[in-house]
Amino acid sequence: MAGQGTPATALLVKRGIPHRTHPYRVAPDAPNYGALVAVALGVAPERVFKSLVTAVDGALTVAVVPVTGELDLKALAAAVGGKRAGLADRAVAERATGYVRGGISPLGQRRRLPTVLDESALDLPTIYVSAGRRGLQLELAAADLVALTDARTAPLQTH
């Protein structure tokens, strides 16, 4: 699709990974953004994942969790052998990934960060993650996301 290339989509094409891109329109400042993205795409919200840049004991880490829940920071810290986790500063996250908030993809980041994917993704045929820009989602197999990012999987979400 012309004009829809991002570092994330370029990586998938380069590696020959099956995927689909899905454009959508949701106001970036809308409350419950992730749920609205699922509605716009016509998919179950548990299949849509958000990528959150965090700091675990000071080291940047990406947590990929369903939009249906919140990130359990203690579970994330435990998953990577850390003690304390918190969300990274927006400017730090954008600088490290090369993406803007609301469009941070777990793939094709400027600096490859350790990644942890919520284990619920493994039960789904495909999941949706940001393609690297607001208004564009990638659909791919969770196993491919794990392989491309060397992600760990762990229970990360609270309900």
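Asp150 lies in the loop that joins helix H5 (142-149) to strand S9 (152-154). In this predicted model, the phi of Asp150 is near 55 degrees, a positive value in a residue that is not glycine. Asp150 counts as exposed because its relative accessibility, 58%, is over the 50% cut-off.

A positive phi also occurs at Asn32, again not a glycine, with a value of about 60 degrees. Asn32 sits in the loop between strand S1 (20-23) and helix H2 (33-41). With a relative accessibility of 55%, over the 50% cut-off, Asn32 therefore counts as exposed. Most residues other than glycine have a negative phi.

Rolling a probe the size of a water molecule over the atoms shows where empty space is left. The largest pocket has a volume of about 810 Å³. It is lined by 32 residues. Of these, Lys50, Ser51, Leu52, Arg101 and Gly102 are the closest to the pocket centre. Two or more lining residues come from each of H2, strand S2 (49-56), strand S4 (70-71) and helix H4 (90-97). S2 gives the largest share of the lining, 5 residues. By class, the lining of the largest pocket comprises 17 nonpolar, 7 polar and 8 charged residues.

Methods: Residues numbered from 1 in each chain as written. Predicted model: local features only at pLDDT ≥ 70, side-chain atom pairs only at ≥ 80, totals over all residues. Heavy atoms only, no water. Helix = DSSP H or I, 4+ residues; strand = E, 2+ residues; numbered from the N terminus. Buried < 20%, exposed > 50% of the residue type's maximum accessible area, 1.4 Å probe, protein only. 1 Å grid on protein atoms, 1.4 Å probe; cavity = no way out; pocket = protein on both sides within 12 Å on 5 of 7 lines; lining within 4 Å. Points joined across faces, edges and corners; volume = space filled by probe spheres on them. Nonpolar A, V, L, I, M, F, W, Y, C, P; charged D, E, K, R; others polar.
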